[in-house]
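The entries follow in the order in which I looked things up.

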Amino acid sequence: MSLFELGRSTGGVSLRDVLHGGAVRSPKVELSAARLAGLVCAGGWPEHHRSPEEQALSACRDYLENIRRSDLRGVDGVRRDPDRIRRFLRSLARNVATCASLATIRRDVVGPDGAMTNRTARDSLLI
């Protein structure tokens with residue numbers, strides 16, 4: 001759900017105007033940076049936005065934990081190391097708003113089990 005759909009934004013800034021180079025003036029911001037971060041981290045699930053923030057964040061952590069431990073195997077039948085997947089997901093999260101290369105993410109994922117291969121990193125991005 002968007003911030004507008006959640007009633008947390010006036011919708012006063014048009015993405016169409018931004019993309020077409022129009023002058024954009026934002027209305028006064030009512031959300032603190034911490035509250036905005038909480039809304040972003042809770043994700044787009046409507047139920048999360050009807051729950052206390054800590055409960056919503058806990059549900060997201062549980063969801064990622066379930067994915068890394070079991071769901072990935074069902075996608076293509078390949079068994080993956082859950083700890084390596086956790087490190088991979090953390091690296092992606094750290095680098096989400098950057099121009100980090102796959103090589104950078106691979107270096108970031110190195111753990112006691114060694115480096116992640118190029119193929120494993122590429123495959124992890126595609127699943």
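Entry 1. I began with Arg 86, which is partly exposed because its relative accessible area is 26%. I applied these classes throughout: buried means under 20% relative accessible area, exposed means over 50%, and partly exposed lies in between (1.4 Å probe, protein chains only). For a salt bridge I required a side-chain nitrogen of Lys or Arg within 4 Å of a carboxyl oxygen of Asp or Glu.

Entry 2. I recorded the basis of the work. The model is predicted, so local features need pLDDT of at least 70 and side-chain atom pairs count only at pLDDT 80 or more, whereas totals for chains, interfaces and linings use all residues. Residues are numbered from 1 along each chain as its sequence is written, and side-chain values use heavy atoms, with hydrogens and water left out.

Entry 3. I looked up the pairing of Asp 83 with Arg 86 and found a salt bridge whose closest N and O atoms are 3.0 Å apart. Both residues lie in helix H4 (residues 82-95), and because they are three residues apart there, about one helical turn separates them. Helices are DSSP runs (H or I, at least four residues), numbered from the N terminus. Asp 83 is partly exposed, at 35% relative accessible area.

Entry 4. I turned to Glu 65 and Arg 68, whose side chains form a salt bridge at 2.9 Å, N to O. This pair is in helix H3, where a spacing of three residues amounts to about one helical turn. Is Arg 68 buried or exposed? I found Arg 68 buried, with a relative accessible area of 7%, whereas Glu 65 is partly exposed at 30%.

Entry 5. I examined Glu 47 and Arg 50, and their side chains also meet in a salt bridge, at 3.3 Å, N to O. Glu 47 is partly exposed at 48% relative accessibility, and Arg 50 is exposed at 62%. For the structure as a whole I noted nine salt bridges.

Entry 6. Gly 44 counts as partly exposed because its relative accessibility is 36%. Which distance separates Gly 44 from Met 1 in space? The two are 4.5 Å apart, C-alpha to C-alpha, although 43 residues apart in sequence.

Conventions: Helix = DSSP H or I, 4+ residues; strand = E, 2+ residues; numbered from the N terminus.
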